[in-house]
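I opened this entry to record what I looked up.

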Amino acid sequence: MTAHLLPESDDRREEAPDRYTVRSVARAMKLIELVANGPQEGLQLSDLARNLKASKSTTLALARTLTKAGMLRDARPGPRYFLGTALIRLGDITRSQLPLGDICRPVLAQLADLTKMTSRVAIYDSGYPVFIERVDGPGSVRFHTPLGQREEPHASAAGKAMLATMTDDEVRAICAEHGLPARTSRTITDIGLLLESLTTVRANGFAVDDEEDAEGIFCVGAAFFGHDGSCAGAVSVTGIKSDLPTWRVNELGRSVRRTADEVSGLLSGGKYAGWTLPAGAIA
């Protein structure tokens, strides 16, 4: 039996792995990433070998192994390599097992400590924010904010942050179906005014609930995004309403925005700075 060894030059061109890294597995994972980030028309073997900094024979062996496992698929002529259908099944399983509340808790704790306010994370549920995790700020007032319940999208900071990622027609449809009930005297109950306020949310990257959902309560929220680029939910902070100067509101907004971007990163989503205004929304 003849043993086929990798050329030494291949190994020298890569950074030395730590003692717990399996080089072939690391290369295979990098190969998948290269295909995932490549063009829609796929990548040829020569492209993969060059970016992988490996020989064509080594790259071909990896690509064929991944193709056999369904992680990649090849198309002729070429061949050109694309992501395989096995990743669809793994993606569905991953999403079902994703404990978003647990994942977000460390960043929520940091946000609560920074702002001294209660921080929460909500998932997107047909236009509504549903809060699934909460961290009280150090020494802050404990709010009765039960988890797992829908909140009004037009009256909450998290809800408005989510609405701002939709087209105006989508916002109108949600409001037409569920209405714009007044939670307080400050709640926006006119669709035109709501759409106008969402332009400010888009410009700032965060939304404000100034006693619109509950008397005496102030919130700031920002949307985060999933791996497909769509809105997956929002992060918010809640505190007792006081005469906050504009600079302090903006400071809170930037802090919440950064935290929301961190959550996007945890979900393999993009930052808000790279988000594109939906077609049909007022700029």
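I count a residue as buried when its relative accessible area is under 20%, as exposed when it is over 50%, and as partly exposed in between. The model is predicted, and I kept that in mind throughout.

**Entry 1: salt bridges**

I searched the whole structure for salt bridges and got 14.

I began with R202 and D168. They form a salt bridge, with the closest N and O atoms 3.6 Å apart. I placed R202 in helix α9 (residues 191-204) and D168 in helix α8 (residues 168-178), so the pair ties together parts that are 34 residues apart in sequence. Is D168 buried or exposed? Its relative accessibility is 3%, so D168 counts as buried. R202 has 9% relative accessibility, so R202 counts as buried.

Next I took E212 and K160. Their side chains meet in a salt bridge at 2.8 Å, N to O. E212 lies in the loop between β6 (207-210) and β7 (217-225), while K160 sits in helix α7 (residues 157-163), so this pair ties together parts that are 52 residues apart in sequence. I checked burial here too. E212 is buried, with a relative accessible area of 8%. K160 counts as buried at 4% relative accessibility.

My last pair was D210 and R186. I found a salt bridge between them, the closest N and O atoms being 3.1 Å apart. The pair links distant parts of the chain: D210 is in strand β6, R186 is in the loop between α8 and α9, and 24 residues separate them. Which residues does the network of shared partners join? Salt bridges with shared partners connect R186, D210 and K241 into one network. For burial, I noted D210 as buried, with a relative accessible area of 19%. That value falls under the 20% cut-off, so the label holds. R186 is partly exposed, with a relative accessible area of 43%.

**Entry 2: helices α3 and α4**

I turned to the contact of α3 with α4. At what angle do helix α3 (residues 45-52) and helix α4 (residues 56-68) pack? The angle is about 110°, and their axes are 9 Å apart. That makes α3 roughly perpendicular to α4.

I listed the residues that meet. From α3 they are L45, S46, L48, A49 and L52; from α4 they are K56, T59, L60 and L62. I sorted the contact residues by type and got 6 nonpolar, 2 polar and 1 charged.

I then asked which residues of α3 are buried. They are L45, D47, L48, A49 and L52. Their cover includes α2 (23-36), β1 (43-44), α4 and β3 (80-83). An α-helix has 3.6 residues a turn, so residues three or four places apart point the same way. I also looked just past the helix. K53 follows α3, and the phi of K53 is positive, near 60°.

**Entry 3: the hairpin**

Strand β2 (residues 72-75) pairs with β3 in the antiparallel sense, over 4 bridges. How many residues lie between β2 and β3 in the hairpin? There are 4, and G78 in the turn has a positive phi of about 145°.

Methods
Residues numbered from 1 in each chain as written. Predicted model: local features only at pLDDT ≥ 70, side-chain atom pairs only at ≥ 80, totals over all residues. Heavy atoms only, no water. Axes fitted to C-alpha atoms, helices over the stretch in contact; angles between N-to-C directions. Helix = DSSP H or I, 4+ residues; strand = E, 2+ residues; numbered from the N terminus. Parallel < 35°, antiparallel > 145°, perpendicular 65-115°, else oblique. Contact = heavy atoms within 4.5 Å. Nonpolar A, V, L, I, M, F, W, Y, C, P; charged D, E, K, R; others polar. Salt bridge = Lys/Arg side-chain N within 4 Å of Asp/Glu carboxyl O. Buried < 20%, exposed > 50% of the residue type's maximum accessible area, 1.4 Å probe, protein only. Pairing = 2+ DSSP bridges.
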